[in-house]
Amino acid sequence: MSTLLPSKNLLPGGERTAVTEADNFGRPLRNLRLSVTDRCNLRCAYCMPEEEYTWLPSRDILSFEEISSLVDVFCGFGVDKVRLTGGEPLLRRELHRLVRLLSEKPPLKDLAITTNGLLLSEQAAALKSSGLHRVTVSLDTLKRDRFLALTRRDALSGALEGVEAALRAGFAPLKLDAVIIRGTNDDELFDLLEYARERRAEIRFIEYMDVGGATRWSPEQVVPREELLARLEQRYGQIEPLPERTSAPAERFSLRDGTVFGIIASTTAPFCGSCDRSRLTADGIWYLCLYAAGGTDLKHPLRNGAGPKELRELLSRTWTMRTDRGAEQRLSMRDKRQALLGQDALRGNPHLEMHTRGG
Ligand code: SAM
Ligand code: SF4
Ligand code: SF4
């Protein structure tokens, strides 16, 4: 059964909607992760560990105008936050044009991007002037050899230059996301935190997740939230949790000197109960959960002439049926938990990949 919630959301024209529809667990839709490409210029071991991939056909990739039309429909349904992602979103040619289209939509109060940073030195200024609000750079290591081993590209300097370019362009405070993997980079917690602190950026430590793409995941490699906090407390003294009033996945904490950092404990302490996120792939398939086996095709209805009203009805029918709590279900598997999918399953259906779905 769905619930109707009071809403302060605005329709594209600025008009107020009366209600926002909630899913089966009373969760409204507010956040849309928009993947603009499934291609990437890195091959992170926790996301794209294989040698070969099945790519989405280019004829299926939504144009910026198609994405913009769909975002209007999502905004009418209650979405007020969009995060551009991928694959590597900055590989999408002229991304700043899409940013401009989206930034001109009054209902969108937050327009952000998650990027590996390699192309930020070329693009940060254009993204800023096109209206992008916030940037998150994924950065798992500060060691050149380790970056190469982890991503199969010798590109640490490009990522670090990207961070500086984003700061110069005025994206402050910048967020830095680091997936922490035991035996790989868990000895860099303090270095990463201090690198972020020196730049007044906020680092978020992400637990390694058993999502599609992470074919080499094992529970032993996960450094749980409690351990991360204990290690940081041992080094920096007492850590205070900061009250958080949003449904954002990161729990935020403060060190004695006021340095703020986050932990995203998707693996050991999932936050499905307040999950107001969904994902649209670059070819227009809408997923209600990172772990969902299937999604809803929005591209074909759009290309076959469905108007905003019909598309809105499709969103409503789909969202109000939502029961997804993927990470909680994975957690309940306890000792039986292994990598979600093998290489063959992913080859057969690229939509199951993290780099297709967006993180
Ligand atoms: N390429 C961009 C980047 O890396 O920032 C955007 C896409 S990437 C799929 C989005 C986020 O997903 C990144 O921060 C990445 O670290 C995270 N991610 C990918 N695989 C993950 C995994 N197995 N566990 C935790 N986070 C993961
Ligand atoms: Fe790494 Fe992001 Fe590319 Fe995945 S999509 S391989 S996380 S840079
Ligand atoms: Fe939301 Fe699914 Fe992630 Fe849970 S696992 S927080 S329902 S996307």
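**Figure 1. Ligand 3 has a shell of seven nonpolar, one polar and five charged residues.** In this sorting, Ala, Val, Leu, Ile, Met, Phe, Trp, Tyr, Cys and Pro count as nonpolar, Asp, Glu, Lys and Arg as charged, and the others, Gly among them, as polar. The model is predicted, so local features need pLDDT of at least 70 and side-chain atom pairs count only at pLDDT 80 or more, while totals for chains, interfaces and linings use all residues. Residues are numbered from 1 along each chain as its sequence is written, chains are lettered from A and ligands numbered from 1 in the order in which they are written, and side-chain values use heavy atoms, with hydrogens and water left out. Look for C272, C275, C289, L290 and A327, the closest of the 13 residues around ligand 3; a residue is near a molecule or strand if one of its heavy atoms lies within 4 Å of it. Strand 12 (277-280) and helix 10 (326-331) each give at least two residues to this shell. Helices (H or I, at least four residues) and strands (E, at least two) are DSSP runs, numbered from the N terminus.

**Figure 2. E50, E52, Y53, Q343, L346, R347 and E353 line the largest cavity.** Rolling a probe the size of a water molecule over the atoms shows where empty space is left. A cavity is a set of points, on a 1 Å grid over the protein atoms alone, where a 1.4 Å probe fits but cannot get out, and its lining residues have an atom within 4 Å of a point. How many cavities of 30 Å³ or more are there? The count is one, and the largest cavity holds about 30 Å³ of space. Grid points are joined across faces, edges and corners, and a volume is the space filled by probe spheres set on the points. Four charged, two nonpolar and one polar residue make up the lining.

**Figure 3. An open sheet of 12 strands has mixed pairing and the order 9-10-11-8-7-6-5-4-3-12-13-14.** Which strands stand at the edges? They are strand 9 (240-241) and strand 14, and each has a single partner strand, so one side of each is left without a neighbour in the sheet. Two strands pair if DSSP finds at least two bridges between them. Elsewhere in the view, strand 6 (residues 134-138) and strand 7 (residues 175-180) pair in the parallel sense over three bridges, with V137 opposite L176.

**Figure 4. Strands 10 and 11 form a hairpin with five residues between them.** Strand 10 (residues 251-254) pairs with strand 9 in the antiparallel sense over two bridges, and P241 stands opposite F253 there. Strand 10 also runs antiparallel to strand 11 (residues 260-264), joined by four bridges; one to find is R252 with its partner G262. In the turn, G258 has a positive phi of about 95 degrees.

**Figure 5. E202 lies in strand 8, and L288 in the loop between strand 13 (285-287) and strand 14 (296-297).** Is E202 buried or exposed? E202 counts as buried because its relative accessibility is 9%; buried means under 20% relative accessible area, exposed over 50%, and partly exposed in between (1.4 Å probe, protein chains only). E202 touches L174, K175, L176, R252, V260 and F261, leaving out residues up to four places away in sequence; contact means heavy atoms within 4.5 Å. L288 is also buried, at 11%.

Figure 6. Most residues other than glycine have a negative phi, and most peptide bonds are trans. E94, in the loop between strand 4 (81-85) and helix 2 (95-103), has a positive phi near 55 degrees. R152, in the loop between helix 4 (144-151) and helix 5, has a positive phi near 60 degrees. Both are partly exposed, E94 at 43% and R152 at 29%. The peptide bond from A172 to P173 is cis, with omega near -5 degrees, and P173 lies in the loop between helix 5 (156-168) and strand 7.

Technical notes. 1 Å grid on protein atoms, 1.4 Å probe; cavity = no way out; pocket = protein on both sides within 12 Å on 5 of 7 lines; lining within 4 Å.
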